[in-house]
Amino acid sequence: MAAVPRGSERRRPRPGSLERPINGRLYRGTWALLGLPLLLAAFSVMRPAPLPPPQLPPVFDQENARLLAKDLAKRFPNRYPGLASARRASDWFREQLRPYGLPVRSERFTAEIPGRGRAHLENLVVEAAGSSPQTIVVMAHRDDTGAGAGANDNASGTAALIELARAYALPRGSPAVHVTPAHRILFLSTDGGAFGGLGAAEFLTHSPERYNVIAVVNLDSIAGSGNVRLQIAGDTPRSPSGVLLETASARLARQTGRRPAQPGVLRQLVDLGFPFSLYEQAPFLAKGIPALTISTTSDRQPDTASDVPERLNVDRLGQVGRGVQDLLGTLDQGAEFAQGTSSYVDVGRLIRGWAVELVLIAALLPFLGAAVDLFARCRRRHIPLAPALRSFRSRLVWWLWVAGLFELFALLGVWPGGEARPLDPTGGAGRNWPAWGLIVLAVLAGLGWFVARERLLPRRQIGAEEELAGHTAALLCLGAAALVVVAVNPFALIFLLPSLHAWLWLPNVHRGPRWGRAAVFALGLLGPALLLGSFATRYGLGWDAPWYLLELRAVGYVPLIVVPLTAGWLAGAAQLAALAGGRYAPYPSASERPPRGPIRVGIRWIVLAVRVQRRGTSQPRQALER
């Protein structure tokens, strides 16, 4: 026998072999395709010019606004929608505008609030008639969660709304000149704004002016101690026009001395990939109406103990009030130039959304190229993929079974219900799941797994070709799911790309140490971790973030298409996890399967157990085994 050269057992496997099936050269070379989208993105960068300021200076009275906010917060601290105190707050709003001859129209509606059931709510509309039927909306929600006095959130916005409306009114006996706007201006005091923008959604559904709205400015918590912020995320991956954003920034910077803050680049990408916002501009953007929210607080809700009249920042209230009055005058004289919605990422300048989408799609190409090449290698080696695909199918069917049960329970009213709007993160959302419902779901899911696992259990030592087939099938299915994501919302690739690029290398490390395989697999979880971490930290949900996201689907806010896509990703992740942990088995052939399936075995055990009990045999176990 020829001697084996020393150290040959440590020789690196040949590229393209079963030990290193991924074509690293092809993978690295495909990244060059990213250059063109990046170049296009660089050329798409723009900074729209703001509209010119109005001719008249702002006359916003910050002291009067402070007194209004203090009066509302002290007289009606609990303005929870549907309560008697909330109705009295509506009467208070009317009283403040009655001396100015401004009629207030009431738009009543009902909505289901999670944890409280159906409640009667009321939007209040004040109209300043203009020469054009095109409508500019200035709005602020009047309600609060009832956890505190609600002085900043949102008595401050309501007070500013009243003060802004008074500028377009002529008090009785006043010799002042009446200001007539060029456009119709609506001052909208919404109800249910603290619970996902219920009032804004109702206005968009039933208000007679909804078809003529061309711009919306929302005021929410504008007297806090923080910097002025702009919120531009929507219920869909859309943002207000760049002209509106720059105009609002310029008018506010003129009063505060600095540009208003916005979410960082990563948070903007998360908001585009998973459209979500607690603020009332979101439903307008979903309808293609440019809208933004001006605030002085972060996404995490402020401490209710400090949300009292004594803590209002009067200077900030005045700055925002004057800035909004300037912005309103600017839009009134040129709102036609600020219309429309689009998608973009603001990095100081605006990178157009289509350019960002191209970059994300181009980042998908290296994975697709390597996965297709891996499939071709399996075909050349005549490695059968059907058993691996059937194994993936069994996992997918189980996840769809669990998802179907979840959807069924939602239809039956088992889960916490409500309108298809974002839930209040501070109101117990994600924590009020019924224990019995979760137990029933777990039992039924366990029964489904009992049926599925019979086809997934390892019964023998599998070969290297079968392992490669398992990897290939899972990666191909994940690639198919990624293509569906591209068709639905390319921005959502930000959550999928880490798993695709990390798990692509699992076939190359499948013979390595277990900790190495676990590390590669864990890298692929960074995408979902980014989404969960954003909700956990940004909205103060902590470990309740997964339950909160599930509740968003239970009420119908998250689109249904997300359910099968998530199930497909989980099935692929489960198959790759089984491979990394050494617990994978291809779908067994007919000769490898037991004569009876798990359902028939279970029924047989039940029938025989009943017979044994009736006969009173002294050897029940032997009878069952026969």
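Residues are numbered from 1 along each chain as its sequence is written. As the model is predicted, local features need pLDDT of at least 70 and side-chain atom pairs count only at pLDDT 80 or more, while totals for chains, interfaces and linings use all residues; side-chain values use heavy atoms, without hydrogens and water.

Me: Why is α15 called roughly parallel to α20?
Reply: Helix α15 (residues 493-503) and helix α20 (residues 562-580) pack at about 25°, with axes 12 Å apart. Angles under 35 degrees count as roughly parallel and those over 145 as roughly antiparallel, so α15 is roughly parallel to α20.

Me: Which residues make the contact between α15 and α20?
Reply: With contact meaning heavy atoms within 4.5 Å, L496, S499 and W503 of α15 and W569, A573 and L576 of α20 make it.

Me: Why is α12 called roughly antiparallel to α13?
Reply: Helix α12 (residues 386-411) packs against helix α13 (residues 435-452) at an angle of about 160°, and their axes lie 10 Å apart. Because angles over 145 degrees count as roughly antiparallel, α12 is roughly antiparallel to α13.

Me: What makes up the contact of α12 with α13, by class?
Reply: On the α12 side are S394, W398, W401, V402, L405, F406 and F409, which meet residues of α13 including L441, L444 and W449. Ala, Val, Leu, Ile, Met, Phe, Trp, Tyr, Cys and Pro count as nonpolar, Asp, Glu, Lys and Arg as charged, and the others, Gly among them, as polar. By these classes, the contact has 12 nonpolar, three polar and no charged residues.

Definitions and conventions:
Axes are lines fitted to C-alpha atoms, for helices over the stretch in contact, and angles run from 0 to 180 degrees between N-to-C directions. Helices (H or I, at least four residues) and strands (E, at least two) are DSSP runs, numbered from the N terminus. Angles under 35 degrees count as roughly parallel, over 145 as roughly antiparallel, 65 to 115 as roughly perpendicular and the rest as oblique.
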